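Subject: Structure for you to look at

Dear colleague,

I am passing on a structure that you have not seen before, with notes on what turned up in it. Please look at it first and then read on.

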Amino acid sequence: MTQILIVEDNEMNRDMLTRRLERKGYEVTCAVDGPEGIEMARAQLPDVILMDVALGAMDGWEATTILQADEKTRRIPVIALTAHALETDRKKSIEVGCVEIVNRKLTGNNFHRYINPERDSDEATLAVHGLTTEFLSDKPKFAEIVEELREYAQGAEVIIHNAP
């Protein structure tokens, strides 16, 4: 099983990344700062490290530099995570040896539509999202919004969420 080490000081981000990766079948461990991430990387030798760049006293750049200088950890790919993703961040990620930079900045560009499923909501489904048959009855059917959805999603990374 692929092992991923997340080095992230924000608890909500750690939790979100962990849940998503574990659902995909990855084994995930987490560190809350640079020094702990270095220690865990050396002890566990994960397959990949997701490194937040804006960590406390030791930022992700410094932690990555230390990992890249260590014979034991230098071959572990490090993916930089940042909410900024400025050109300087991209250059810095290359300088310190990260293999990729992921920009987590929200764009505000969202597509959200309620769709009439053309069937009644059962109790188990209602327990998840709370959308009644009555509420959905006057909403468009999928065929009515599919072109708008296709145009919106063209070439994009799509994250879909259907529960409150």
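Which elements each supply at least two residues of the lining of the largest cavity? They are β1 (3–7) and β2 (27–31), where strands are DSSP runs of E of at least two residues and helices are runs of H or I of at least four, numbered from the N terminus.

This is a predicted model, in which local features need pLDDT of at least 70 and side-chain atom pairs count only at pLDDT 80 or more, while totals for chains, interfaces and linings use all residues. Residues are numbered from 1 along each chain as its sequence is written, and side-chain values use heavy atoms, without hydrogens and water.

The search of the whole structure gave 1 cavity of 30 Å³ or more (on a 1 Å grid over the protein atoms alone, a set of points where a 1.4 Å probe fits but cannot get out, with lining residues having an atom within 4 Å of a point). The largest cavity holds about 30 Å³ of space, a volume being the space filled by probe spheres set on the points, which are joined across faces, edges and corners. Its lining consists of Gln-3, Ile-4, Glu-27, Val-28, Thr-29, Gln-44 and Pro-46, and β2 gives the largest share, 3 residues.

As for the protein chain, there are 7 helices and 5 strands, which follow one another from the N terminus as β-α-β-α-β-α-β-α-β-α-α-α. Of its 164 residues, 30% are buried (under 20% relative accessible area, with a 1.4 Å probe and protein chains only).

With best wishes

Note on methods
1 Å grid on protein atoms, 1.4 Å probe; cavity = no way out; pocket = protein on both sides within 12 Å on 5 of 7 lines; lining within 4 Å. Buried < 20%, exposed > 50% of the residue type's maximum accessible area, 1.4 Å probe, protein only.
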